[in-house]
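Please look over the sequence and the structure shown here before reading on. The report that follows takes one part at a time.

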Amino acid sequence: MTQQTNDKKWFDQLVMELRLRQVHGSAIGDTIASTRELLGDTGQRAEEAFGPARDYAAALELPSEPKHDWVRKALWPSLLGLLAFLLFNQAMVSWTRSEPLLVSPAQLALLATPVVFLAFLPLYLDAFIRRIWVCIGITAICVLSGLLSAFATPSSRAEAWLAIDPLPWLIGSALVMVALSTMNTIRSAHSEDDNDITDPLSGTTDITGRGARAIVQITNWLFPILAIAMLGLALSFR
Amino acid sequence: MNVPASDPQPTGSADWPSDWLRATLGFLALRALSAGPSYGYAIISELEHHGFGTIKGGTLYPLLTRYETAGLVTTEWRAGDGGPGRKYFALTDQGRAELTRLSADWLRFAVTSTHYLDPERLTKEIPA
């Protein structure tokens with residue numbers, strides 16, 4: 001039982017390391033199957049036969065997709081989605097109170113913090129995934145800056161740097177979120193067959209791949225779902 | 001290829017310096033495939049049977065993957081008899097040529113080294 005648990009952890013790490021190296025899903029499936037084949041023959045534990053998952057993934061030197069591909073396909077849409085979500089929340093609060101959207105420089109700086117962290121994600125992605133304290137630290141900074149931005153909201157027009165009608169921004173940001181989610185859904189539906197982890201013999205998708213597919217669809221619609229929840233909350237407290 | 005299971009391996013065979021195995025494992029693995037397509041465990045058993053010690057999967061598979069990329073071997077998945085599928089590795093013509101070349105080079109190197117290390121020759125060169 002312990003051996004199975006240890007091996008499952010090892011295989012999870014192997015998949016993550018190969019994904020980080022942008023290795024294609026079919027090559028990952030091939031690697032997992034051949035690794036399991038040898039473990040079945042020898043009765044060894046994965047770590048014993050293949051060493052640390054990270055080292056083994058590096059030693060295989062499997063062909064990888066160009067690194068900038070995921071930045072174009074995933075990072076920039078996420079960044080735009082986050083911007084639209086933040087803007088939607090700011091505009092929504094003002095709109096539900098029938099007030100103009102007031103903006104101060106401090107508030108803008110605080111709202112820009114998570115956007116900047118996300119924009120520079122490719123520079124620290126490895127540390128973000130491998131070191132839990134980096135992940136917790138950056139998430140905490142982003143949440144804190146979001147909360148502080150609420151306190152930095154100007155209370156009167158005199159304090160505000162900008163005073164604008166919230167409705168066009170509310171509608172515009174909502175449309176951007178829906179458009180991005182639709183685009184991501186279409187893109188992931190087309191790319192699923194290409195990059196899923198597949199068994200080399202049967203051609204079937206890995207079970208975790210099917211679970212991951214559902215998570216991908218939820219993630220695609222995360223910002224609109226959260227925006228509707230925030231709108232519901234704001235309307236109920238009006 | 002069947003997994004060899006008869007003759008005992010030579011004494012001390014697992015004690016080769018790791019540097020020696022690192023340098024030679026490439027063409028030894030090609031040699032293990034020269035009789036026909038084979039899979040990971042059978043290759044490891046073949047090398048162990050011939051006195052090279054137990055090669056780990058973490059050493060063999062990356063090597064074979066590089067050889068596949070270089071066009072020295074091809075791979076094919078075959079369904080197992082009631083068991084899991086097996087990934088078979090087979091030499092290509094390029095791989096066979098590379099094995100011939102490396103084997104010849106190694107033999108020349110081994111003869112040169114043996115000649116140089118010959119104790120009688122050492123005695124002649126260094127008079128008491």
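## A buried serine

At 5% relative accessibility, S145(A) counts as buried, a word used for residues under 20% relative accessible area, with exposed meaning over 50% and partly exposed in between (1.4 Å probe, protein chains only). S145(A) is found in helix α8 of chain A, residues 132–151, where helices (H or I, at least four residues) and strands (E, at least two) are DSSP runs, numbered from the N terminus. Leaving aside residues up to four places away in sequence, S145(A) touches L110(A), T113(A) and P114(A), contact being heavy atoms within 4.5 Å. Along the sequence S145(A) and A109(A) are 36 residues apart, while their C-alpha atoms are 8.8 Å apart in space.

## How the model is described

This is a predicted model, in which local features need pLDDT of at least 70 and side-chain atom pairs count only at pLDDT 80 or more, whereas totals for chains, interfaces and linings use all residues. Residues are numbered from 1 along each chain as its sequence is written, chains are lettered from A and ligands numbered from 1 in the order in which they are written, and side-chain values use heavy atoms, with hydrogens and water left out.

## Helix α4 of chain A

In helix α4(A), residues 53–60, the buried residues are A53(A), Y56(A), A57(A) and L60(A). Seen down the axis of α4(A), these buried residues fall within an arc of 100°, so they line one face of the helix; the arc is that of the directions from the helix axis to the C-beta atoms. After α4(A) comes E61(A), with a positive phi near 50°.

## The sheet of chain B

Chain B has an open sheet of 3 strands in the order β1-β3-β2, with antiparallel pairing. Because β1(B) (38–39) and β2(B) (73–78) stand at the edges, each with a single partner strand, one side of each is left without a neighbour in the sheet. Two strands pair if DSSP finds at least two bridges between them, and β2(B) and β3(B) (residues 86–91) pair over 6 bridges. R78(B) stands opposite R86(B) in β3(B).

## Where the chains meet

In the interface, 17 residues of chain A are in contact with 17 residues of chain B. There are 4 salt bridges between chain A and chain B, each a side-chain nitrogen of Lys or Arg within 4 Å of a carboxyl oxygen of Asp or Glu. The side chains of R86(B) and E37(A) meet in a salt bridge, at 3.6 Å from N to O.
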